Amino acid sequence: MSVPQDRRVIGGLFLVYGVILTVTGLFDSAQEVQKAEGIRINLSTGIAMLVVGAAFLLWERLRPTDAPAPSDEEE
């Protein structure tokens, strides 16, 4: 029986969406930046999501979850 690795999945999703937003933010037009009152919101949010995703993956690497002990009831 495998143990779900929630931190790995959440960290991976944050990284994927962070990459998408960062790339989108790098290629935002001047009109899109102006619409956001001069803030490159996609770029800053994407970078923040990359940091959070990396933190989740680092947390999973440094403090892995323990597998539950097998019991007789599961068999």
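This is a predicted model: local features need pLDDT of at least 70, side-chain atom pairs count only at pLDDT 80 or more; totals for chains, interfaces and linings use all residues.
Side chains of opposite charge can pair when their charged atoms come close. The structure holds 1 salt bridge, in which the side chains of E60 and R8 meet at 3.3 Å, N to O. Because E60 belongs to helix α3 (residues 41-62) and R8 to helix α1 (residues 6-26), this pair ties together parts that are 52 residues apart in sequence. The two partners can also be described by their accessibility: E60 counts as buried, with 11% relative accessibility, whereas R8 is partly exposed, with a relative accessible area of 45%.

The aromatic side chains come next, and here the count is 2 aromatic pairs. In one of them, F14 and F56 are stacked, with 6.0 Å from centre to centre and 10° between the planes. This pair links distant parts of the chain, since F14 lies in helix α1 and F56 in helix α3, 42 residues apart. F14 is partly exposed at a relative accessible area of 28%, and F56 is partly exposed at 22%.

F56 also pairs with W59: their ring centres are 5.9 Å apart and their planes stand at 55°, so this pair is tilted. Both F56 and W59 lie in helix α3, 3 residues apart, which is about one turn of the helix. W59 counts as partly exposed, with a relative accessibility of 46%. Taken together, F14, F56 and W59 form one aromatic cluster.

Note on methods. Residues are numbered from 1 along each chain as its sequence is written. Side-chain values use heavy atoms; hydrogens and water are left out. A salt bridge is a side-chain nitrogen of Lys or Arg within 4 Å of a carboxyl oxygen of Asp or Glu. Helices (H or I, at least four residues) and strands (E, at least two) are DSSP runs, numbered from the N terminus. Buried means under 20% relative accessible area, exposed over 50%, partly exposed in between (1.4 Å probe, protein chains only). Rings of Phe, Tyr and Trp (its six-membered ring) pair if their centres lie within 6.5 Å; planes under 30 degrees apart count as stacked, over 60 as edge-to-face and the rest as tilted.
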